[in-house]
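Below are some reading notes for a colleague who has not worked with this entry before. They are set out as numbered points.

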Amino acid sequence: MNQRLSKQATSFFPGSVIRGHWHKQPYTVVSLLGKGAIGSVYLCKRSDGKKVALKISEKSASITTEVNVLKQLSKVQGKLLGPSLFDVDDFLPSSGMRLSFYVMEYVEGKPVPEFLKKRGKDWFGVFLLQLLSDLERLHQHGWVFGDLKLDNILVTDTPPRIRWIDVGGTTQIGRSIKEYTEFYDRGYWQLGTRRAEPSYDLFAVVMLALHYAYPKQFERGTNPEQTLRNKIKQAHVLQPYQVCLERAMKGYYRSSSQMLNELNQLLTKKRVPTQRTQAITKNKLTHTETTFPLIETSAIGFVSTLFFIIYHFFM
Amino acid sequence: MRKGTLKQILLITDGCSNQGEDPAMIASLVAQQGITVNVIGVLEDDQHENPPGLEEVEEIAQAGEGVSQIVYQKALSQTVQTVTKQAMTQTLQGVVNQELKQILGPNQTVESLPPEQRGEVMEVVEDLGETCNVEVLVLVDTSASMQNKIPTVKEALIDLSVSMNARIGKNRFSIYTFPGKRKVVQKVIDWSDKLDTISSVFPKLTSGGITPTGPALKEVMYQFGKSKLIRSMKREDESTIEQAGN
């Protein structure tokens with residue numbers, strides 16, 4: 001074993017072996033995949049040669065919490081929502097403190113912006129739909145993603161599909177959001193609470209789109225809501241989704257499937273049915289609003305006349 | 001296990017205490033009363049990560065059995081809420097560890113359990129963190145060098161109440177600054193559920209260059225005692241004491 005520990009407890013050089021204390025599985029470090037607030041993620045090789053991702057941290061509690069989430073996600077029916085979980089263990093270096101780690105599926109893919117640059121920006125709409133349908137399944141199961149952001153998503157190949165890679169912020173609906181990134185957080189933009197509900201994730205979807213349109217992000221400004229509205233309008237790449245994004249930003253959608261349906265109709269060139277009760281955007285579609293109530297009123301009138309006649313003449 | 005109230009002091013300072021008792025000693029004393037002391041050290045934008053004067057930040061938090069972090073102004077909002085939540089988890093885990101020792105023997109802690117069982121224990125800790133009541137007393141250093149940071153501090157505190165009020169459990173906040181006018185600390189806001197009222201009141205800053213961190217910590221320690229009395233009476237009336245755990 002040529003394992004060395006640098007100053008930081010969770011730094012490992014390629015070739016180091018991380019051996020579990022409880023299950024005795026050895027993992028050989030190949031490279032560093034990323035560093036976050038909670039520990040580091042390494043690409044490792046398992047004893048059978050399979051490539052896996054290993055997240056290790058001195059914060060045992062946080063690791064345990066994330067493992068709990070991954071276990072919950074594996075129970076959701078259909079395509080896997082997060083990476084699948086393989087092993088959970090402790091690593092006890094000869095010197096230093098106990099480290100906790102878990103081993104999961106290594107999701108091989110490209111970051112979303114990189115993929116779109118290569119294959120065309122139209123794919124973004126498809127990814128939004130995929131993202132929303134994944135979110136719908138998650139919400140149905142009683143969970144909210146929480147820390148949804150561009151960096152937590154990869155595009156896997158054949159066929160191109162988005163996958164979530166970091167699900168550490170996933171929170172039970174009704175609780176307080178466990179982990180968030182300021183730019184993506186509706187509390188920061190003064191557009192809602194930090195309570196875990198579907199609309200919290202949908203707001204993050206809007207910010208994800210904005211982050212893609214403005215890679216350098218932008219300041220909150222004195223009127224956060226106005227800032228966001230302007231940014232959505234000014235982004236040329238987001239033009240096809242503008243109506244939906246603006247609505248999600250304002251917390252209009254109660255569920256992911258509602259946004260999914262509207263976005264789907266936008267993308268397949270149908271008009272978004274405007275809801276009479278809660279018309280938020282003032283756009284060209286307003287004339288449909290006036291025709292529907294007319295039809296409905298006359299229908300009601302017609303039916304009641306009919307009943308009246310029946311009652312009057314036959315009873 | 002009875003679901004009690006977690007008590008925290010959140011000290012926001014740029015270090016360099018220079019008057020009165022050793023703040024770390026006071027923090028130990030405060031911790032003995034069941035109150036956690038968390039410390040956030042605020043850096044100047046042109047300062048390095050480990051400037052002199054901020055060493056005491058970590059020491060005070062360790063003595064106060066709390067969490068500390070040193071940050072630039074820009075990151076203050078997010079830090080204030082992570083530090084508060086981390087400290088809550090830490091305290092609750094300490095409580096759970098105590099219980100485990102009673103059940104399983106003196107050498108058992110959450111960490112010494114195999115990973116499978118640890119998961120279940122963490123779920124209990126998380127449940128407690130979500131549902132317990134929390135009292136946070138914010139103690140802000142307003143000595144001359146902190147002057148330009150006060151607007152950011154205000155913003156961070158409002159943000160803290162947004163985070164905390166998303167929880168199921170109840171919260172109470174109060175804010176004190178130091179040094180006060182002819183006294184050690186100055187009350188800015190008395191115990192209340194929300195912090196969105198603070199935009200108006202932060203007292204005019206006193207000059208003179210004294211930073212009596214130790215005495216200020218000692219002074220605010222007593223503010224918990226007062227509120228506890230009132231609250232425990234209220235509690236008995238409403239009989240809202242619940243049992244935690246499964």
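1. A salt bridge here is a side-chain nitrogen of Lys or Arg within 4 Å of a carboxyl oxygen of Asp or Glu. By that criterion, five salt bridges are counted between chain A and chain B. One of the pairs that meet in a salt bridge is Arg118(B) with Asp90(A), at 2.5 Å from N to O. The model is a predicted one, and the distances should be read with that in mind.

2. Polar contacts also link the two chains: 15 residue pairs are counted between chain A and chain B, both residues having pLDDT 80 or more. On the side of chain A that touches chain B, the elements giving two or more residues are helix H1 (60-73) and strand E5 (85-91). H1(A) supplies the largest share of that side, with five residues. Sorted by class, the side of chain A that touches chain B holds ten charged, ten polar and five nonpolar residues.

3. As for the extent of the interface, chain A brings 25 residues to the contact and chain B brings 27 residues. About 2,200 Å² of area is buried between chain A and chain B, and carbon and sulfur atoms give 43% of this area.

4. Among contacts in chain A with a separation of 6 or more, 53% are between residues 24 or more positions apart.

5. Is Pro113(A) buried or partly exposed? Pro113(A) counts as partly exposed because its relative accessibility is 35%, and buried would require under 20%. Pro113(A) lies in helix H2 of chain A, which covers residues 112-119. Its C-alpha atom is 9.8 Å from that of His211(A), a residue 98 positions away along the chain.

6. In chain B, Asp141(B) deserves a look. Asp141(B) belongs to strand E4, residues 133-141. Asp141(B) is buried and has no salt bridge. The nearest side chain of opposite charge is that of Lys149(B), 8.0 Å away.

7. Which side chain does a polar contact of 2.8 Å join to that of Asp141(B)? The partner is Thr13(B). Setting aside neighbours within four places in sequence, the residues in contact with Asp141(B) include Ile12(B), Asp14(B) and Gly15(B), along with Thr13(B) itself. Met146(B), Ile150(B), Phe178(B) and Thr211(B) are also in contact with Asp141(B).

Conventions
Residues are numbered from 1 along each chain as its sequence is written. Chains are lettered from A and ligands numbered from 1 in the order in which they are written. This is a predicted model: local features need pLDDT of at least 70, side-chain atom pairs count only at pLDDT 80 or more; totals for chains, interfaces and linings use all residues. Side-chain values use heavy atoms; hydrogens and water are left out. Helices (H or I, at least four residues) and strands (E, at least two) are DSSP runs, numbered from the N terminus. Buried means under 20% relative accessible area, exposed over 50%, partly exposed in between (1.4 Å probe, protein chains only). Lys and Arg count as positive and Asp and Glu as negative; His and the chain ends are not counted. A polar contact is a pair of N or O atoms within 3.5 Å; within protein, one must be able to donate a hydrogen and the other to accept it, and residues adjacent in sequence count only if both atoms are side-chain atoms. Contact means heavy atoms within 4.5 Å. Buried area is the accessible area (1.4 Å probe) that two parts lose on being put together, summed over both. Ala, Val, Leu, Ile, Met, Phe, Trp, Tyr, Cys and Pro count as nonpolar, Asp, Glu, Lys and Arg as charged, and the others, Gly among them, as polar.
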